[in-house]
Amino acid sequence: MTIDLKTIKHIARLSRISVTDEKAKKLAVDLNSIFDFIEKLNELKTDKIQPLTSIAETTLKLRNDEIKSKNIREEIIKNSPEKNEDYFVVPKVIE
Amino acid sequence: MSKNNNEYLINRKDNQYEVVIGLEVHAQVTSESKLFSSSSTKFGAEPNTQVSLVDAAFPGMLPVINEFCVKQAIKTGIGLKAKINKRSVFDRKNYFYADLPQGYQISQFKDPIVGEGKVILDLPNGQKEIGIERLHLEQDAGKSIHDIDPQSTLVDLNRSGVALMEIVSKPDLRSPEEVSIYIKKLRSIMRYLGTCDGNMQEGSLRADVNVSVRLKGAKDFGTRCEIKNVNSIKFMQSAIDYEANRQVDLIEDGKNIDQETRLFDTKKNETRSMRSKEDAHDYRYFPDPDLLPLEVSDDFIEKLRTDIPELPDDKKKRFIEQFKLSPYEATILVSDIATANYFEEVVAKMGKNRDVKLAVNWITGELFALLNSKNLEISQSPISAKNLSILINLIKNGTISGKIAKTVFEHMVEGDKDPQKIVQEKGLKQQSDPKALEILIDKIINDNREKAIEYKNGKEKLFGFFVGQAMKASGGKANPQLINEILKKKL
Amino acid sequence: MSEIYKQTLSELVNNIKNKKISSEEITKSYIARSEKSKILNTFVTSNFDEALKQAKNFDKKPNFNLKLPGIPIAVKDLFCTKNVKTTAGSKILNNFIPTYESTVTQNMWNEGAILLGKLNCDEFAMGSSNETSYFGNVQSPVDENLVPGGSSGGSASALAAKLTPVTIGTDTGGSIRQPASFTGTVGLKPTYGSCSRYGIVAFASSLDQAGPMSQNVKDCALLHNVISSYDEKDSTSIDFKRSNYSEQLSKNIKGKKIGIPKEYRVEGMPKEIEDLWQKGINYAKDCGAEIVDISLPHTTYALPTYYIVAPAEASSNLARYDGVKYGFRSKGENLIDMYEKTRSEGFGAEVQRRIMIGTYVLSSGYYDAYYLKAQKVRKLIKSDFDEAYKKVDAILTPSTPSAAFKIGEKKDDPVSMYLNDIFTVPVNLAGLPGISIPAGHDSKGYPLGLQIIGKAFDEQNILDIAYAMEEKINFKNKITDWWIK
Ligand SMILES: [Mg+2]
Ligand SMILES: [Zn+2]
């Protein structure tokens with residue numbers, strides 16, 4: 001199987017990574033060689049195998065419904081590249 | 001469009017179209033803290049003041065699930081007579097958006113916590129069962145604000161991570177009216193359970209509405225459109241009406257309907273396409289590796305089952321049997337748990353010689369009108385159940401007439417006053433002393449000799465005139481039954 | 001007493017408890033050496049002034065009951081450290097200063113350790129040579145122009161060059177064990193769920209584990225005592241009975257059954273590695289262990305499985321780096337444009353490549369063929385180990401298929417780079433503990449390591465085996481101070 005440039009651009013879009021044609025070509029080469037190597041899995045028949053969803057041998061722990069986190073707005077917004085006092089700021093979105 | 005027999009059909013030339021609707025309701029779980037973090041869920045806080053490091057998706061932050069939210073979802077599932085899944089899995093739904101800090105929403109995709117169930121609707125012409133496909137737990141996103149800053153969109157993450165139950169119906173709804181009744185019923189069940197406050201103004205209940213149309217009698221479904229995030233019943237109804245007609249027009253014009261996500265513009269009262277097609281969503285769901293599968297025991301579920309209160313359908317049945325209410329009256333009284341409780345409290349406080357019918361009339365009549373005019377919930381009623389029961393008993397035992405009772409009721413509004421005191425203070429007690437009334441009536445007959453003669457000569461309509469005069473003379477306090485009896489005797 | 005920086009962790013702890021040296025002296029010694037070792041490019045952020053201050057504070061009010069009393073330690077820059085920049089080796093986090101502390105590092109500070117600085121690593125821990133860091137490649141102290149391995153390359157290099165007495169790394173597919181092997185040091189990847197992932201920049205959540213790196217097995221056990229803990233803040237943290245690894249450490253491994261998996265004899269394996277392995281088998285026998293041939297039939301499928309599972313999880317874990325809440329942001333005409341520019345300028349090539357792989361294997365139409373398939377094969381790999389452990393107590397393999405290579409040598413061939421992790425990756429997929437210990441040198445004099453893989457939660461056992469073998473192997477590292485002029 002080969003991954004074509006159109007697919008590369010589609011994946012890049014889904015990943016929110018911009019790609020030039022040149023970059024897409026390079027990525028296509030890399031990804032194709034990686035997927036050639038991944039295709040080895042097709043040798044295995046796995047129809048009857050249950051997928052492993054978690055490696056941790058335990059069940060999900062449940063926490064109590066308690067408010068422990070206080071107002072830490074300053075801390076939350078501090079690292080933001082663009083902000084005002086109250087909000088995170090992003091380029092205007094038109095729905 | 002015709003609405004005969006409550007059927008909602010769209011007519012074009014020779015064709016009649018039926019509308020098929022399915023709802024994905026997002027109900028905010030009533031809880032103190034969020035689904036996977038310990039920050040508050042309280043509504044109306046200053047922006048970004050209820051945001052933890054987990055909610056804002058800081059590097060290395062991990063989700064830890066809130067047990068109460070799990071219980072709430074299971075309780076709701078029980079209320080929907082649904083299958084509770086002992087094992088469910090949290091998945092990541094991946095997409096980028098400004099108010100989605102993780103770049104994914106933790107939701108349940110393949111294995112939801114609750115499976116198939118049902119909701120019974122009381123329609124004017126009988127009952128209808130609406131199938132529930134599933135209920136799953138997921139995180140709410142934050143809020144993007146587009147209208148504060150002209151250049152930028154602002155992001156408030158207070159809602160980010162709040163627990164939602166997504167309740168997916170089967171495509172069993174057929175009209176905007178049914179949708180309205182369905183939402184109200186769902187809300188009622190959740191309020192009974194205390195699992196969602198159902199407050200639509202605060203966004204605790206929203207729905208994605210899936211609409212398609214087909215020729216009446218057709219078997220196959222048409223192409224559906226999803227109208228996203230509609231937050232009032234009225235808007236849902238308008239949106240469905242608009243969308244169904246839009247789709248019919250397209251079909252009539254021989255055009256195709258694109259399966260797409262649409263937005264309801266509340267100002268223009270129409271739906272429009274929301275996201276461009278090239279950005280077709282591919283959510284890349286996969287099990288969240290930060291969380292293990294959620295496993296609950298039979299014991300855990302059974303304990304919750306014993307916590308389930310009497311739900312609307314059962315309460316309605318009991319009201320009909322116990323209080324001899326009509327199905328219509330019962331439906332109204334059980335629709336809201338607070339109303340049902342109020343009603344039962346009034347009845348209980350009325351004591352042995354109670355008049356349930358009278359109580360129903362006063363609650364659904366005067367009290368509802370009062371609440372409506374003041375825009376209040378029954379829980380905020382200015383008149384307590386206790387005082388209303390006293391008032392009704394005053395009518396029942398003849399202390400005041402129904403008419404006077406209305407005056408008393410008006411006085412009761414101010415400060416939830418005891419109606420007995422009002423009657424006493426204002427001297428509104430009914431005159432039931434036959435001797436006093438006889439004197440009063442004698443005077444009226446005397447003052448209106450000519451009319452009395454006309455009556456005797458057969459002008460029976462004049463009887464009402466005498467009753468009116470007597471009531472007026474007594475300041476409305478005379479016992480109308482006695483007046484009738486005495487007048488008949490004297491005339 | 002030898003020079004301070006040459007002492008092992010347990011020597012330092014003893015000397016400080018016996019008041020032979022002060023925390024300030026130790027700290028100064030490491031700082032001075034680090035200042036002379038900048039060419040190795042191990043530190044992304046140094047915390048020297050603050051460390052000195054804390055050392056002096058410790059000396060004023062010492063608490064000798066602690067496990068790491070006044071010991072300065074540098075850590076991989078993947079652990080979030082409160083008020084100290086944390087970059088994960090990426091431009092996208094270049095200016096990120098956490099307001100919180102990872103559980104693992106907090107455990108260390110609670111036991112008296114002092115943060116010396118943040119160590120370079122492959123960007124988001126994606127790499128096997130520490131060449132993908134935004135802050136440049138790390139130089140191995142073993143030889144000029146040699147890679148230290150990755151992704152915990154800065155940690156391995158700093159440890160081998162004695163710029164920190166011990167350190168911690170993270171291991172998703174071999175990122176502790178492979179650099180340990182390349183630098184002649186000891187590295188333990190604990191059982192999944194042993195060390196909390198809270199506050200560690202995530203790469204692949206179902207595989208990531210933090211672990212100790214040290215000069216010898218005893219130090220490794222000592223540090224593991226400190227960092228392994230049950231943590232309510234991590235839903236995958238496991239509440240099991242943790243032993244006191246250093247106190248219970250024993251060289252008596254008589255009668256222990258050690259498995260030799262035939263599938264690890266991979267095609268094209270250098271003779272040096274083959275010989276090293278045989279030497280290891282002989283040492284184990286010398287220690288009284290019984291050698292058992294075993295089979296892990298799905299071994300060859302581990303790497304392809306890993307290169308589906310890890311990128312898939314990473315593609316989602318790294319979605320939060322979008323220029324909105326923290327880190328680097330590039331200007332964009334609109335929101336999507338901002339995202340795309342931020343992420344293509346903020347992430348390096350390898351990270352972008354893996355995000356793309358991960359997005360692809362999860363995307364509609366490919367999920368079943370790739371991701372689901374990989375989850376099933378992962379089950380088979382886990383079952384292989386379960387079967388094997390019915391017969392043996394531990395498994396012995398080489399740590400890597402070769403010794404360290406030159407900087408730039410494999411940079412343009414991702415697949416050959418990925419093959420570095422062929423012996424370590426199955427351990428992560430199965431969630432098991434594995435330790436790499438130095439066991440010899442190749443013809444060029446570069447270190448080679450052996451890996452001991454244990455049952456889940458059986459760290460004590462592999463530490464014991466490593467401890468016993470370490471004595472027999474008697475590894476001497478050949479590192480000169482060539483970089484100090
Ligand atoms: Mg939806
Ligand atoms: Zn939803």
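Predicted model: local features only at pLDDT ≥ 70, side-chain atom pairs only at ≥ 80, totals over all residues.
## Metal site in chain B

Donors are N, O and S atoms within 2.8 Å of the metal. The residues concerned are B:Glu24 (OE), B:Asp208 (OD) and B:Glu226 (OE), which coordinate the ion at 2.0 to 2.7 Å. Water is not among the atoms, so the site may look incomplete.

B:Glu24 belongs to strand 2 of chain B and B:Glu226 to strand 12 (residues 225-230), so this pair ties together parts that are 202 residues apart in sequence. Both B:Glu24 and B:Glu226 are buried. A zinc ion (ligand 2) is also present, 5.1 Å from the magnesium ion (ligand 1).

## Salt bridges within chain B

Over all chains, the model has 62 salt bridges. One of them joins B:Arg174 to B:Glu18, with the closest N and O atoms 3.5 Å apart. B:Arg174 sits in the loop between strand 10 (163-169) and helix 2 (176-193), while B:Glu18 is in strand 2 (residues 15-28), so the bridge links parts of the chain 156 residues apart. B:Arg174 counts as buried because its relative accessible area is 19%, and the cut-off is under 20%. B:Glu18 is buried as well, at 17%.

Another bridge in chain B pairs B:Asp288 with B:Arg92, and the closest N and O atoms are 3.1 Å apart. B:Asp288 lies in the loop between strand 15 (286-287) and strand 16 (294-295), and B:Arg92 in strand 4 (residues 91-94), so the pair ties together parts that are 196 residues apart in sequence. B:Asp288 and B:Arg92 are both buried.

## A salt bridge within chain C

In chain C, C:Arg33 forms a salt bridge with C:Asp481, the closest N and O atoms being 2.9 Å apart. C:Arg33 is in helix 2 (residues 23-35), and C:Asp481 is in the segment after helix 15 (459-473); the two residues are 448 residues apart, and the pair links distant parts of the chain.

The two partners can be set side by side by accessibility. C:Arg33 is buried, with a relative accessible area of 6%, whereas C:Asp481 is partly exposed at 34%.

How values were computed. Residues numbered from 1 in each chain as written. Chains lettered and ligands numbered in written order. Heavy atoms only, no water. Salt bridge = Lys/Arg side-chain N within 4 Å of Asp/Glu carboxyl O. Helix = DSSP H or I, 4+ residues; strand = E, 2+ residues; numbered from the N terminus. Buried < 20%, exposed > 50% of the residue type's maximum accessible area, 1.4 Å probe, protein only. Donors = N, O, S within 2.8 Å, 3.2 Å for Na, K, Ca; no water.
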